Amino acid sequence: MATAYLGVWDYVVFSLTLLLSAAIGVYYAIKSRNESTIQEFLKASGNMGVVPVAMSLLLSFMSAIFILGFPAEMYTAGTQFYLQVLGNMLGCALAALLFVPMLYPQKLTSTFSYLEKRFDSRAAKLTGTCIMIVQQVLYMGVASFAPSTALEAVTGFPTWATIITVGLVSTFYTSLGGMKAVVWTDMFQSVVMFAGLLAIVIQGSIVVGGMGEVWRINEEWGRINFFNFDPDPTVRHSFWSLVIGGMISWTATFGVNQASVQRYCALPTLQKAKLSVMLNVLGVLILLTIVCLAGIITFAYYTQKGCDPLSAKYISNSNQLIPYFVMEVLGYPGLPGLFISCLFSGALSTMSSCLNALAAVCWEDFLKPVLGERLNERQKTLVTKFLVLFFGGTGIGMSFMAMTLGGTVLQASLSFTGAASGPLLGMFALGAFFPWANWIGAVVGGILGLAFPLWISIGAYTVVGAPTSLEFPTYNCSVPNITDSMTTTMSSIMTTAGGTVEYTGISALYTVSYLWYPAIGASTVIVVGLIVSAITGMNRLGDVDTKYLVPFFDRLFCCLPGPISRCLRCNQEFRDPEEIASEKDGEIVIPASGDLVSSSSREKLPLDGSGPMPVYGLSYKENNETNTGVNNPAADVFNDQKQQNGTQF
């Protein structure tokens, strides 16, 4: 492929994107210099807006991987991959209904503090933390590497230079501005990303002759195929793997991923937290639809030209299709630079989200127990900034390792991060849906739930997948390249004629679709966790506070008859998450009227003894202890008021 070169205006647009991203970090570093607390740095003090957080959630996981990978899949394999959009939307909805109402009220800096509280085990927390670190470091590496291949393909700019640029810029503004800088930079980068993608779709469809012509060409070449209901798990893409596998993966992403939880916990109310996640149902639909349209438009364009650049060896892999198309079609000054900025915006948003999340869990789960009492707020914030710098360097190193991976960027990313996200979801689901599970089951299940899909994903690179049956246009390619293409095509035909390779034993396991990895990891954690819990002694009903549990059927089927609902939740009573979220560390609020107000129920408790004790919250004894036997300062307030008013309890 002849290397194309960016013009002056392209470099201007690209440079402005990087400079403005860095400037946002500097701005929030200056603005927050007098509020240098660790909560401000990691959680923005819980005062963010719904729309910026929703956009940040979307961009954190819609990186350059998806900008390059989704169109490549649509180009090479047809429209069936679009069904994953449905799975992703269902995943967002499940996360908002099941996990946000449970995790938001906990007011956690590290998501994995939930595991410690639910299982009463620091080992359970550290198991989840270690799995998350593996996942985020892997994801950072692939997400930073993706745009480097594109930039090298269209400009000749070295891959290593791109990786270092993405790593340094994202580390710079994240370490300076913290959560606020990350969220508002994501907001800016979302504008750049949408502008770049719309430029491709609009100009591409105009060149081809309209969306009707795009659809006709793809249908003529057998690309329009949405529904393959083959239940075989080794089929790379089927309705079941795309919808169910995608749903499980994105429930983990938006529900329990540290970067997601950190964002929706930066909102002031539970309703706003749920709304920020639910808005991504619409965001996922719009963004992924645009990206997938880019794939079929690109195919229609090269079909009209009569030469597939992959078959003609103009490009070396499918990840370079969209950049190659951009340099041919977007011939206006600045537009190729806008697309490159779009790629970098995706990479920067993902990198910064991972860095902020890694700094939060490492501080909260590893360093705070040791250094928390010794450092003041400014020193704590400084430590977390150094953590950002450390993981920034780690991410750059992982990107260089990603250069050696085979297959498409999309599959590499989903294989490894999917293998790690599954067991995380499994640990949270084990704790939330199964009150009988104990900490030993969570730890053993978490370790095996990570090892099993990781083993499969690594082994998958040792087997050869079935060749695609779709044809590509080559009738108008140049003579030298079409010869190569014909040789490749004949090789594929001979392979197919001789029968596909049959894998047995362990090798057959490696042929399972990468889209099932999250489901395999999550189910392994739950099954192994329950078995180990049964062997080592299950919890009894009532041993676990219901604020750490989720009434699964009540949340998903709100209209169930009362007796059936009670039976499905094992006759346990669950408090309203809004009440738990409104609590302030178990305090009792005493307004000017003199009436007591339970912080959990927010009901007035008259001091004349005529009112009932609160249904939720604390019960009191004369010895100032709760019914759990734990000393409670709130009881002193009760008794002080009782003595002042002469009230008999």
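**Terms and the values behind them**

Modeller: Start with the disulfide of Cys307 and Cys477. The torsion about its S-S bond is about 110 degrees, so this disulfide is right-handed. Keep in mind that the model is predicted.

Biologist: What makes Cys307 and Cys477 a disulfide?

Modeller: The distance between their sulfur atoms. A pair of cysteine sulfur atoms within 2.5 Å counts as a disulfide. The sulfur atoms of Cys307 and Cys477 are 2.1 Å apart, so the pair meets the cut-off of 2.5 Å. By this rule the count is one disulfide.

Biologist: Which parts of the chain does the pair link?

Modeller: Distant ones. Cys307 sits in the loop between helix 12 (270-305) and helix 13 (321-329). Cys477 sits in the loop between helix 17 (439-459) and helix 18 (479-497). They are 170 residues apart.

Biologist: Why is Cys307 called buried?

Modeller: Buried means under 20% relative accessible area. Cys307 has 8%, so it is buried. Cys477 has 10% and therefore counts as buried. Cys92 is at 0%, and so is buried as well. Cys342 is buried too, at 0%.

Biologist: How many salt bridges does the structure hold?

Modeller: It holds 13. One of them pairs Lys180 with Glu40.

Biologist: How do you know that Lys180 and Glu40 form a salt bridge?

Modeller: The rule asks for a side-chain nitrogen of Lys or Arg within 4 Å of a carboxyl oxygen of Asp or Glu. The closest N and O atoms of Lys180 and Glu40 are 3.1 Å apart, so the pair passes the 4 Å limit. Lys180 belongs to helix 8 (residues 159-208) and Glu40 to helix 2 (residues 38-43). The two are 140 residues apart.

Biologist: Are these two partners buried or exposed?

Modeller: Lys180 is at 17%, so it counts as buried. Glu40 is at 7%, so it is buried too.

Biologist: What links Glu220 and Arg216?

Modeller: A salt bridge between their side chains, at 2.8 Å from N to O. Both lie in helix 9 (residues 211-220), four residues apart, about one turn of the helix. Glu220 is at 56% and counts as exposed. Arg216 is at 39%, so it counts as partly exposed.

Biologist: Which residues touch the most other members of the largest nonpolar core?

Modeller: Leu103 and Tyr114, out of 161 residues. Helix 14 (residues 335-371) gives the most to this core, with 18 residues.

Biologist: What makes Trp9 exposed?

Modeller: Exposed means over 50% relative accessible area. Trp9 is at 58%, so it counts as exposed. Trp9 is found in helix 1 (residues 8-31). A nonpolar surface patch of about 630 Å² is made by Val8, Trp9, Val12, Leu16, Leu19 and Leu20.

Biologist: What is the phi of Lys107?

Modeller: Near 55 degrees, a positive value in a residue other than glycine. Lys107 sits in the loop between helix 5 (84-103) and helix 6. At 43%, Lys107 is partly exposed. For Asn571, phi is near 60 degrees, again positive in a residue other than glycine. Asn571 is in the loop between helix 22 (562-568) and helix 23 (577-582). At 58%, Asn571 counts as exposed.

Biologist: How many helices and strands does the protein chain have?

Modeller: It has 24 helices and three strands. Buried residues make up 55% of its 649 residues.

Technical notes
Residues are numbered from 1 along each chain as its sequence is written. This is a predicted model: local features need pLDDT of at least 70, side-chain atom pairs count only at pLDDT 80 or more; totals for chains, interfaces and linings use all residues. Side-chain values use heavy atoms; hydrogens and water are left out. Patches are made of residues with over 30% relative accessible area and no salt bridge: like charges are joined within 9 Å, nonpolar side chains (Val, Leu, Ile, Met, Phe, Trp, Tyr) within 5 Å. Accessible areas come from the Shrake-Rupley method with a 1.4 Å probe; for residues, only the protein chains shown count as cover. Buried means under 20% relative accessible area, exposed over 50%, partly exposed in between (1.4 Å probe, protein chains only). A nonpolar core is a set of buried Ala, Val, Leu, Ile, Met, Phe, Trp, Tyr and Cys residues joined through side-chain atoms within 4.5 Å.
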